[in-house]
Amino acid sequence: MTDPTEASPQGEIEPPLTRISVLAFFTADHVVKDDTSGKLHVLGGFFNLLRFQVYPALLPTLGIGASLHVPWHAHHQDHHFAITMADEDGQPLPFRIEGIFRVSADVLLGHGDPSVVNIGGTVTNVMFPRPGRHRLWLTVDDEPLDDWGLHLLQQHRERPRTSIPSATPRR
């Protein structure tokens, strides 16, 4: 993407990247970032529905991944990211992940080329006080960039079925 007027494979002209944008933001069972390659290794990714029999409910692991498109003019600067969660009433849950990233331009990139930065990890023992719709929010440098919905349902226990013996005709 060295020429911002170059047509994409879909035939559209790509606008120049002027701010950090989100390529992907998602939940998973587990997310691990490879420190060497920067790749995210995802297990059980991209779900938006969870079922629990009782609330409050404990989710043993919640993986969260994000892939950011960082423009060249945002390289060599510290960027603060935060991931928070709110319930359907907009009330924040006691859930916060935050950190700092800095992008250095790869020597093989052309002048003005953006970079991709992946953020990911797995949080343990996430407590949900009640069922309902929840949202994860991703902010970078205090700017909300994306959100991901999680719908939590209460799954009622099924009663064991009792079998009724069928009547067999006598001969």
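Q: What does the accessible surface of the chain come to?
A: About 11,500 Å². Carbon and sulfur atoms hold 52% of that. Keep in mind that this is a predicted model.

Q: And how much of the chain is buried?
A: Buried residues are 33% of the 171 in the chain.

Q: What share of the contacts with a separation of 6 or more comes from residues 24 or more positions apart?
A: That share is 69%.

Q: On to the fold. How many helices and strands?
A: Zero helices and 10 strands. Along the sequence the pattern reads β-β-β-β-β-β-β-β-β-β.

Q: Which strands form the open sheet, and in what order?
A: Five strands do, in the order 4-10-9-6-7. The pairing is mixed.

Q: Which ones are the edge strands?
A: Strand 4 and strand 7, the latter spanning 92-102. Each of them pairs on one side only.

Q: What about the twist?
A: From one strand to the next, the twist averages 20°.

Q: Take strands 6 and 9. Parallel or antiparallel?
A: Antiparallel, over six bridges. Strand 6 covers residues 78-86 and strand 9 covers residues 132-140.

Q: Which residue in strand 9 stands opposite M85?
A: L136 does.

Q: Remind me, what do strands of a sheet pair through?
A: Backbone hydrogen bonds, in either a parallel or an antiparallel arrangement.

Q: What is the phi of F46?
A: Positive, about 65°, although F46 is not a glycine.

Q: Where does F46 sit?
A: In the loop that runs between strand 3 (40-43) and strand 4.

Q: Is F46 buried or exposed?
A: Exposed, with a relative accessible area of 52%. The cut-off for exposed is over 50%, so F46 counts as exposed.

Q: And N125, what's its phi?
A: Also not a glycine, and phi is positive at about 55°.

Q: Which element is N125 in?
A: N125 lies in strand 8, residues 115-128.

Q: Buried or exposed, that N125?
A: Exposed. The relative accessible area of N125 is 51%.

Q: Good, that covers my list. Thanks.

Terms used: Residues numbered from 1 in each chain as written. Predicted model: local features only at pLDDT ≥ 70, side-chain atom pairs only at ≥ 80, totals over all residues. Heavy atoms only, no water. Helix = DSSP H or I, 4+ residues; strand = E, 2+ residues; numbered from the N terminus. Buried < 20%, exposed > 50% of the residue type's maximum accessible area, 1.4 Å probe, protein only. Contact = heavy atoms within 4.5 Å. Areas by Shrake-Rupley, 256 points an atom, 1.4 Å probe, with all protein chains shown as cover. Pairing = 2+ DSSP bridges. Axes fitted to C-alpha atoms, helices over the stretch in contact; angles between N-to-C directions.
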